[in-house]
Amino acid sequence: MKEMKCPICKKTISRDALTVKLHTEEHIVEEFKKDHPEWVEGDGVCPICLKHYKALFRKKIDSH
Ligand SMILES: [Zn+2]
């Protein structure tokens, strides 16, 4: 199994676990870019980061 590092949290995860296709989640992509300006969508994120940022975004909406 190929392993690679999540560009956001630097955790080593299997390549298969990495989420690269984020174009249906543009708002999440914006959140990633805000915190990690060097990150590009093609780098992908691990499921943990994705979950974390989804929760973060939801909180943001709720506070409005
Ligand atoms: Zn991560």
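This is a predicted model: local features need pLDDT of at least 70, side-chain atom pairs count only at pLDDT 80 or more; totals for chains, interfaces and linings use all residues.

A: Two packed helices are described by the angle between their axes and the distance between the axes. Here helix α1 (residues 26-35) packs against helix α2 (residues 47-62) at about 100 degrees, their axes lying 10 Å apart. Axes are lines fitted to C-alpha atoms, for helices over the stretch in contact, with angles from 0 to 180 degrees between N-to-C directions. Helices are DSSP runs of H or I, at least four residues, and strands are runs of E, at least two, numbered from the N terminus. The angle therefore makes α1 roughly perpendicular to α2 (65 to 115 degrees).

Q: Which residues of α1 and α2 make the contact?

A: H27, I28, E31 and F32 of α1 meet Y53, K54, L56 and F57 of α2; contact requires C-beta atoms, placed from the backbone, within 7 Å.

Q: Which residues make up the largest nonpolar core?

A: In soluble globular proteins, nonpolar side chains tend to be buried together. The largest nonpolar core has seven residues: C6, L18, F32, V45, C46, C49 and Y53. Such a core is a set of buried Ala, Val, Leu, Ile, Met, Phe, Trp, Tyr and Cys residues joined through C-beta atoms within 7 Å; buried means 20 or more other C-beta atoms within 10 Å of the residue's own. Of the protein's 64 residues, 12% count as buried.

Q: What pattern does the protein follow along the sequence?

A: The pattern is β-β-α-α, with two helices and two strands in the protein.

Methods
Residues are numbered from 1 along each chain as its sequence is written. Angles under 35 degrees count as roughly parallel, over 145 as roughly antiparallel, 65 to 115 as roughly perpendicular and the rest as oblique. Two residues are in contact if their C-beta atoms, placed from the backbone, lie within 7 Å.
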